[in-house]
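Here are some notes for a first look at this model. Please keep the structure open while reading them.

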Amino acid sequence: MEKFKLRVFRYDPTKDSEPYYKTYELPVEKGMTVLAALFKAKEEQDPTISFRYNCRAAICGSCAMRINGHATLACKVQITHLLDRYQTDTITIEPIGNVKPLKDLIYDMDWLIDKLKRIKPWFIPKEKPPVDGKEYRQDPYDHHRIDFASDCILCASCMSDCNALKANKEFLGPMVHSKAYRFAADTRDGAKKERLEAVLEDFNLEWCVRCMECTTRCPKEVQPYENIIRLRIMAAEEGYKTPGEIHAEIFEQDIYNRGLLNEMLLPMRQEGLLGAIKRAPFGIKMMLKGKVNYADFFGGHKIKRLEEVQKIYEVAKKKEKEVKIKLPQIMGVIYEDKRKTGKRANYAETGGKE
Amino acid sequence: MAELKYAFYTGCSAKGVAPELYNSTKLVAEKLGMELIELEAATCCGAGAVQEKDEFLALTINARNLALAEELGLDLLTICNTCTLMLREAKFKLDNDPELKNAVNEVLKEAGLEYKGTSEVTHFLWEVVDGVGLDRLKEMVVRPLKEFNIAPFYGCHIIRPPYLIGYEDPDNPKSIEMIIEAIGGNPVDHTARLACCGFHSFWSAEDKVTLKLTAMDAQSAKEEKADFMVTPCPLCHTQLDAMQEEAEERIGVNIGMPVLHLPQMIGLAIGLKPKELGLDKHIISTKDIIQKVA
């Protein structure tokens, strides 16, 4: 029978000075999930392997771990698909990233809970319950805006692979910001301002680097990244002057006035005169290397047909309040490219199927 | 063979801080037999900034950008990861929501334009692999980069999220390695291969996040003894090359890792000179590379 290697991160702080990896050889069985493989290794070869699990059906969110370097639910991916996807005979299992391992694949959850507490992840009603005794009601479109965000099972796969969290553990993280959006955007919730203040403290919401790991990892298609952006849009609508908001204004002005961004004058407009002075040595370095378009200091060149853009801009700005943009349905979707030549290593045909 | 003709969307960076990308793309494309018709009326894609303030405005300007390619009856080719993602995101939303498409077209009509959805959005990287083809690229190599260890740096927006990109497996992409091998170089695996350069939080979290990521990325390539990194994205390039010294300073490390744009690397292998490819326009010195290829 065909075999594969399950290489598992092992660590028991009461015994081991450092984590190590132990490899278990197992038969390749059709339909076997990573979680099932872990059970098999534990039952037949090593009863000391420790991991969290519960529902085995991608509902509870307990078994998130890093599989070949990327976080997902162990009960949701199959061994045969992974072997095919990575063209390998070895699958490496580690605890999720950005957390403190407690034992083997089990990690410290307190850190996540503490972060969640800061955004009060519960419903705070705006009004008293309806007098007819029925539940709080909501317009279907308003519900649609929080529908996907409500599906989060707090598995922390997104927190694991978040680049901003990797750089700074003070970042609240996609799971927490996404949860904040779920309540702040709920038309029945009364604590919108309080929630926005919490995520905007030290501009935390804008530490997100838009790396798209969270949305790519999420096993429930919660769209954490998109929720972060929706939360930023809410902050802009509420009139918060964040660095991101100033940045967006500069982009809008440049699109209207010239079409392309004026990168030379950006630092000054972003941070004011002091900022420009602070950035001067960098600017000089760029100039000496010929990376500066001098015309930009005097406004720079304009794109062709700019009047078209200005017309569109003005009409779009007037119209935007009345357009109800639906959230993208991304469940199982992989971009279909009509110009596919058949030669490309196409993800839609080879990978990603779980 | 299919005609390799594209509506060329330059983006802001190639027209601003990365002129070497614009120039090397044009030179390399010509040598590889790709015809680029520059969209001189295209605007900025919004870069995610406009998208997080006015979603409808961002969609509308990108619908116009796409309509410009449709006017020419060509697919739109970008040389920036973020442009790729923003344009594909707009296209995805417009193609999957008829009411939204109508609303956007009502605005475009004011300027005599219409978004139909007939042009695809593609990136230079993908067109080298699929349009030109690796066999043809191999045939054109006159100076194989055999003594170079090259660290690919994909950049987020050319692999994630798959519902908008979907060109290759976001967890196990191979396109840049395939190109490196085709031009005779040695691709090196490193921990930051699929990581983020930090660019998009620069103005909000320069010290807290951005420069830390930049340092980690360059360090990761150095640990694997790469001679240089290569990226298909000018924003990653600005971050990793132009901001690398700032990152070194803040983090207190010495890295000195040169970073090449994808077309620059290909150009060296197909006989273009370092000077015409703009290798002298980098902040981190490319002197060692220039000496080796001479």
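1. Start with overall size. A compact globule of 294 residues would have a radius of gyration near 19 Å, and chain B agrees because its value is 19 Å. The radius is taken over C-alpha atoms, and the globule rule is 2.2 Å times the number of residues to the power 0.38. Along the principal axes, the C-alpha atoms of chain B fill a box of roughly 55 × 50 × 30 Å.

2. A word on the source. This is a predicted model: local features need pLDDT of at least 70, side-chain atom pairs count only at pLDDT 80 or more, and totals for chains, interfaces and linings use all residues. Residues are numbered from 1 along each chain as its sequence is written, while chains are lettered from A and ligands numbered from 1 in the order in which they are written.

3. Next, burial. In chain B, 67% of the 294 residues count as buried (20 or more other C-beta atoms within 10 Å of the residue's own, with C-beta atoms placed from the backbone).

4. Chain B has 11 helices and eight strands. These are DSSP runs, numbered from the N terminus: helices are H or I with at least four residues, strands E with at least two.

5. Now the sheet. Four strands of chain B form an open, parallel sheet, ordered β2-β1-β3-β4. Strands pair if DSSP finds at least two bridges between them. β2 (35-38) and β4 (121-123) of chain B each have a single partner strand, so one side of each lacks a neighbour in the sheet.

6. Look at one pair. Strand β3 (residues 76-78) of chain B runs parallel to β4(B), joined by three bridges. B:Leu77 stands opposite B:Thr122 in β4(B).

Technical notes
Buried ≥ 20, exposed ≤ 12 C-beta atoms within 10 Å, placed from the backbone.
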